[in-house]
Amino acid sequence: MALDAADASGTVTSTTPGLVCGHTHLYSALARGMPAPRHTPRNFTEILEGVWWRVDRALDHEMLRWSAMLGALEALESGTTAIVDHHSSPNAIEGSLDVIAQACADVGVRVVCCYEVTDRNGTDGAKAGLAENERFLRAGGRGIVGAHAAFTLSDETLDAVCGLAADLGVGVHVHVAEDPVDAGAGERLAPRADDRWILAHAVHLERPLPGVVVHNPRSNLNNGVGYSRPGRFPRVALGTDGIGADMLEEFRLAVALARADDVTFSPATAWAWLAAGTSLVPEARDDEVTWSYEPADAWHLAYTTDIHPVRVEVAGETVFDEDGPTRVDAAEVRARAAEQAARLHARLEE
Ligand SMILES: [Zn+2]
């Protein structure tokens, strides 16, 4: 990334291109503070079943709208101008990708959408997920085809996902070997993947696959799934997997986690992973973030917390400045999101 120190007012700042969150779930922004599962989840599968598959089934379009608005707002406030989203709302599938795309457009953040196809909600659920990807993409939406993870897709459904992606000339965004439960993913995806694929996690992936591996250090730590050693893969970007969109924070975590494993690891490597996010959303290279700190250098940023953007420009438009977001009222977005979070949490208690 370009690292220039400059500011007309004399304040010390630096600029970078827009940061990219290479893997997230905007639908999960309202989950924080949700009612705890009845039994404490003891492993990755129980976390999916007890937390995330309860949340996604409870979502309707109104909750999704304000979850995405909050997630997009938080991205902008962190200097992240592009989000690669992976969506699931099994009881509100049709039109869901439009809701997310519109929310991001309203805030002024770029988004690459997909709907995660899965067999975990039956054949009709898988078909509806495929149809939502196809509907959105054929209408000109910015996105690729989504799939949950190989371990929740039959070979037939996986072939349907790949067939749709081939028809539409796009890649597939899929969770890959996040936990040992999905350890068979590499073998099943190897004959299917290509360079356009987005491979989230790859913690237990035993072979390189074509595509970009997106490393999500905070999420991997939080779920206790292990360390992926992403340096073993040729193409790596960084994501948050739904826990905000603060990519400088994710970069710092990537550095700390890598150095816990190998103390010779250089922050410059993790900085290159962060910069590689623009290979997923090249338009973000045209965006500009002015930071409250200089220099924007890997060894400085890895050990300096509390750095924030003072100005964010997306496609030439200032969408964030010292007064906050320019297109939306941040307080109103947070208030509406809190109302919808209360609805979601009440539904989870039922
Ligand atoms: Zn994920």
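1. A residue is termed buried if 20 or more other C-beta atoms lie within 10 Å of its own, exposed if 12 or fewer, and partly exposed in between, with C-beta atoms placed from the backbone. The structure is a predicted model, in which local features need pLDDT of at least 70 and side-chain atom pairs count only at pLDDT 80 or more, while totals for chains, interfaces and linings use all residues. Residues are numbered from 1 along each chain as its sequence is written.

2. On the protein as a whole: 50% of its 350 residues count as buried. The C-alpha trace spans about 60 × 45 × 45 Å along the principal axes. The radius of gyration is 19 Å, which agrees with the value near 20 Å that a compact globule of 350 residues would have; the radius is taken over C-alpha atoms, and the globule rule is 2.2 Å times the number of residues to the power 0.38.

3. The secondary structure comprises 11 helices and 15 strands. These are DSSP runs numbered from the N terminus, helices being H or I of at least four residues and strands E of at least two. Of the contacts between residues at least 6 apart in sequence, 71% join residues at least 24 apart, a contact requiring C-beta atoms, placed from the backbone, within 7 Å.

4. Strand 4 (residues 80–85) is mostly covered, as 6 of its 6 residues are buried. Strand 4 pairs with strand 3 (residues 19–24) in the parallel sense over 4 bridges; two strands pair if DSSP finds at least two bridges between them. In this region D85 of strand 4 stands opposite T24.

5. Strand 4 also pairs in the parallel sense with strand 5 (residues 110–112), over 3 bridges. V84 has V112 of strand 5 as its bridge partner. The chain passes from strand 4 through helix 3 (residues 96–107) to strand 5 in a right-handed β-α-β crossover, that is, with the strands pointing away from the viewer, the path from the first strand over the helix to the second runs clockwise.

6. Helix 11 (residues 330–349) has 20 residues and reaches 28 Å from its first C-alpha to its last, close to the 28 Å expected at 1.5 Å a residue; the expected span is 1.5 Å times one less than the number of residues.

7. The buried residues of helix 11 are V333, A337, Q340, A341 and L344. Seen down the helix axis, they fall within an arc of 115°, so they line one face of helix 11; the arc is that of the directions from the axis to the C-beta atoms. These buried residues pack against helix 1 (44–58) and helix 2 (61–77). The face turned away from the buried side carries the exposed residues A331, E332, A335, A342, A346 and E349.

Terms used
Two residues are in contact if their C-beta atoms, placed from the backbone, lie within 7 Å.
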